[in-house]
Amino acid sequence: MRLRARNNAHRRITTGLAAALAFTAVASGLLAGTAQAYEVESGTFAFSGDAGEYISAGQSYSYTDGEGSQDGMTVQGYTSNGVGTGVGVFVDSAGGDIWSLHMEAPWGPSQPLVPGTYTGAKANPAPGEPRIELRGNGRDCLAEGSFTIRSVEFGPHGYVKGLDASFEQHCPGATESVRGEVRLTNPEPPAETVLGLQVAADGVADRTTGKAVVHGTVTCNSPVTVQSYGTVSQTVEGVTVRGSYRTEVACVPGDPTPWTAQATPTGTVPFQRGEATVIGRTTGTDPFYGHTIAADYTGSLQLGKK
């Protein structure tokens with residue numbers, strides 16, 4: 001599979017045009033969520049401008065990404081409540097050109113981006129207006145125009161599996177326009193990373209430190225480093241003893257990955273031998289989609305003396 005999160009060669013886009021684009025959209029209240037951007041498996045991106053058109057400088061441009069191509073093309077999706085609302089396409093060409101194209105459905109309650117023609121689009125739209133913006137090579141403006149989505153397919157968390165679209169825009173007050181098309185395809189979306197958490201039914205009340213030593217396992221279907229943390233509580237002669245623990249775990253798919261941690265009591269009463277309650281949680285970041293993943297556990301355990 002050629003698809004991957006963008007590598008170092010494409011980070012100029014992440015930290016430059018893509019970051020600025022996402023910031024502008026979030027600041028204006030248009031984007032509820034921005035997915036990671038990934039290099040596309042195959043795609044084409046081409047546009048040309050009328051003589052005197054500012055963004056294109058009246059020139060034509062064409063880029064292709066795929067096996068053997070030197071041009072880099074990445075795509076990211078935008079979501080609201082799990083609905084795909086827009087796409088950003090970014091080009092970092094072998095010749096040094098850098099472009100970004102953004103197309104988004106009209107702002108509204110989780111309004112999806114679907115096939116159709118969107119008119120009255122703007123680079124800085126008001127609520128209810130769609131968004132269009134082609135910018136790059138040091139040129140941008142508060143564009144106006146339209147775009148047509150011939151087909152678009154989203155996967156989990158803004159993953160863009162396919163896109164076929166055309167667009168037209170012009171700068172404010174200008175009669176010259178730039179027109180273009182973009183087509184791209186990606187593989188089936190990878191499975192989301194799923195975590196599991198277990199806390200063993202036996203633990204230790206350390207007589208020397210007063211801490212509770214707990215242990216357990218985490219499971220995952222993709223390699224991921226997670227934080228396993230929680231609270232151990234116990235009633236000792238009418239007094240509640242409580243302490244928190246935290247440890248980092250490099251989870252590896254396959255057999256459960258073990259972990260051990262110590263909970264330090266918050267007061268002067270140490271943990272004692274006997275029954276205790278543990279509330280645990282494991283969190284990490286999905287290595288492909290970039291969202292937070294978690295697993296929870298609540299149960300009892302027996303603390304023995306060490």
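Rings of Phe, Tyr and Trp (its six-membered ring) count as a pair if their centres lie within 6.5 Å; planes under 30 degrees apart are stacked, those over 60 are edge-to-face and the rest are tilted. The model is predicted, so local features need pLDDT of at least 70 and side-chain atom pairs count only at pLDDT 80 or more, while totals for chains, interfaces and linings use all residues. Residues are numbered from 1 along each chain as its sequence is written, and side-chain values use heavy atoms, with hydrogens and water left out.

View 1. One aromatic cluster is formed by Phe45, Phe47, Tyr61, Trp99 and Phe167. The search of the whole structure finds 12 aromatic pairs. The rings of Phe45 and Phe47 have centres 5.6 Å apart and planes at 50°, so this pair is tilted. A pair of aromatic rings is described by the distance of the centres and the angle of the planes. Phe45 has a relative accessibility of 0% and counts as buried (buried means under 20% relative accessible area, exposed over 50% and partly exposed in between, with a 1.4 Å probe and protein chains only). Phe47 is also buried, at 3%.

**View 2. Arg246 over the ring of Tyr229.** Arg246 lies over the face of Tyr229, 4.3 Å from the ring centre. A charge sits over a ring if NZ of Lys or CZ of Arg is within 6 Å of the ring centre and within 35 degrees of the ring normal.

View 3. In the whole structure, the search finds 1 cavity of 30 Å³ or more. On a 1 Å grid over the protein atoms alone, a cavity is a set of points where a 1.4 Å probe fits but cannot get out, and lining residues have an atom within 4 Å of a point. Grid points are joined across faces, edges and corners, and a volume is the space filled by probe spheres set on the points. The largest cavity holds about 30 Å³ of space. Its lining has 10 residues, of which Tyr38, Val75, Gly158, Tyr159 and Val160 lie nearest the centre. Strand β6 (residues 72-80) gives the most to this lining, with 3 residues; strands (E, at least two residues) are DSSP runs, numbered from the N terminus. The lining divides into 5 nonpolar, 5 polar and no charged residues. Here Ala, Val, Leu, Ile, Met, Phe, Trp, Tyr, Cys and Pro count as nonpolar, Asp, Glu, Lys and Arg as charged, and the others, Gly among them, as polar.

View 4. The side chains of Arg131 and Glu133 are joined by a polar contact of 2.9 Å. Such a contact is a pair of N or O atoms within 3.5 Å; within protein, one must be able to donate a hydrogen and the other to accept it, and residues adjacent in sequence count only if both atoms are side-chain atoms. Trp107 is 24 residues from Arg131 along the chain, with 8.6 Å between their C-alpha atoms. Between Ser100 and Phe90, 10 residues apart in sequence, the C-alpha to C-alpha distance is 4.4 Å.

**View 5. Positive phi at Ala57 and Asn81.** Most residues other than glycine have a negative phi. Ala57, in the loop between β4 (42-49) and β5 (60-65), has a phi near 55°. This residue is partly exposed, with a relative accessible area of 41%. Asn81, in the loop between β6 and β7 (83-92), has a positive phi of about 55°. At 71% relative accessibility, Asn81 is exposed.

**View 6. Thr185 and Gly290, both partly exposed.** Thr185 lies in strand β13 (residues 178-185), at 40% relative accessibility. The C-alpha atoms of Thr185 and Glu41 are 6.1 Å apart, although 144 residues separate the two along the chain. Gly290 is found in the loop between β20 (274-285) and β21 (292-305), with a relative accessible area of 36%. Gly290 and Ala37 are 253 residues apart along the chain, and their C-alpha atoms are separated by 10.0 Å.

Terms used:
On a 1 Å grid over the protein atoms alone, a cavity is a set of points where a 1.4 Å probe fits but cannot get out, and a pocket is an open set with protein on both sides within 12 Å along at least five of seven lines; lining residues have an atom within 4 Å of a point. Helices (H or I, at least four residues) and strands (E, at least two) are DSSP runs, numbered from the N terminus.
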